[in-house]
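Subject: Structure for you to look through

Dear colleague,

Here is the structure I promised to pass on to you. Please keep it open beside this message while you read my notes on it.

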Amino acid sequence: MSIADEVFDVTGTVVLVTGAGSGLGRSIAETLAGCGATVIAADRDEARLKQLHDVDALPLDVSDAAAVEDAVSDVVRRHGRLDTVFANAGIARGAGLTQPAGSVDAFELDDWHALLEVNLHGVAHTVRAAARPMKRQRSGSIVVTASTAGLRADPFVSYSYVVAKAGVVNLVRQAALDLARWRIRVNAIAPGPFKTNIGGGEPNAEAEARWGASVALGRMGDPRELRGLALLFASGASSFVTGSVYAVDGGALLQSMALDPAPEGT
Ligand SMILES: NC(=O)c1ccc[n+]([C@@H]2O[C@H](COP(=O)([O-])OP(=O)(O)OC[C@H]3O[C@@H](n4cnc5c(N)ncnc54)[C@H](O)[C@@H]3O)[C@@H](O)[C@H]2O)c1
């Protein structure tokens, strides 16, 4: 076995990935399955789950706390343990790649509630449910997909999105301190703009160029560029890492973002 194989070994570990049907979650799930982990791929979109190979597909809506509890219990019943959980499922609402978010007095409350249900509450449900079997094991790794938008103001995503992502960053820190007593590690990844289905619709060259320009490396990320972090956090390579927030953003956080001046008459 090479040193790399030994350091990043995930063979036989049991890994749950939420939002695994598309984008970043799919990349994480496929990477770990390809490296010999037993991967339970959860998503509320069953058609997307059917496209995955070598994983256990699990239809699941993370905004349903009881369903998340049942799903985690079922994984532990079937596989005997739960080593790593990626709380990754998320949505975007109320702003788009080329459409700046509305001002604070104008955002839609329906969008606000719908987004927080998934991106904040869904992550809390997943972390909460995962902690129980991991405490019994006295081991585990929990990884939350946050965002650079949780670490600064970002005018191109909604108020709900920046608030939810900031919330999960501190959820990670709080849980990391708490769960360290059971030797459970909790970390966040903070992606910059990646080419996934989160914006909905067809890939759009204008949006891609705009997001690319907001990143120091001058382009959007490809979900395959998350493979290294997936292996890092699911393996012993991160055994001394907890409470951290790893940006994987092509240098997006190095650049500032500005809005056009306010329109006349407002
Ligand atoms: N793409 C980016 O630029 C970017 C940047 C920063 C953070 N993120 C975060 O990455 C995560 C993954 O997003 P993505 O870009 O891969 O998007 P995506 O839309 O390609 O994939 C997200 C998956 O999550 C699933 N999902 C949505 N709501 C769910 C729910 N309630 N229960 C279960 N599954 C649900 C969707 O069906 C979809 O398959 C999200 O948390 C997102 O906020 C993405």
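In this predicted model, alanine 87 stands opposite valine 144, a residue of strand β5. Strand β4 (residues 84-87) and β5 pair in the parallel sense over 4 bridges, where two strands count as paired if DSSP finds at least two bridges between them. Helices (H or I, at least four residues) and strands (E, at least two) are DSSP runs, numbered from the N terminus. Strand β5 is also joined to strand β6 (residues 184-191) by 6 bridges, and these two run parallel; here isoleucine 142 has valine 186 in β6 as its bridge partner.

Residues are numbered from 1 along each chain as its sequence is written. Local features need pLDDT of at least 70 and side-chain atom pairs count only at pLDDT 80 or more, while totals for chains, interfaces and linings use all residues, and side-chain values use heavy atoms, with hydrogens and water left out.

How many residues of strand β5 (residues 140-145) are buried? The count is 6 of its 6 residues, where buried means under 20% relative accessible area, exposed over 50% and partly exposed in between (1.4 Å probe, protein chains only). In a regular strand the side chains alternate between the two faces of the sheet. Both faces of β5 are covered, with Gly140, Ile142 and Val144 buried on one side and Ser141, Val143 and Thr145 buried on the other.

Serine 244 is found in the loop between α8 (227-234) and β7 (245-248), and it counts as buried because its relative accessible area is 16%.

Finally, there is the ligand. A backbone N or O atom of valine 62 lies 3.0 Å from a nitrogen atom of the ligand, and a nitrogen atom of the ligand is 3.3 Å from an N or O atom in the side chain of arginine 44. For isoleucine 198, a backbone N or O atom lies 3.4 Å from an oxygen atom of the ligand.

Best wishes

Conventions
A polar contact is a pair of N or O atoms within 3.5 Å; within protein, one must be able to donate a hydrogen and the other to accept it, and residues adjacent in sequence count only if both atoms are side-chain atoms.
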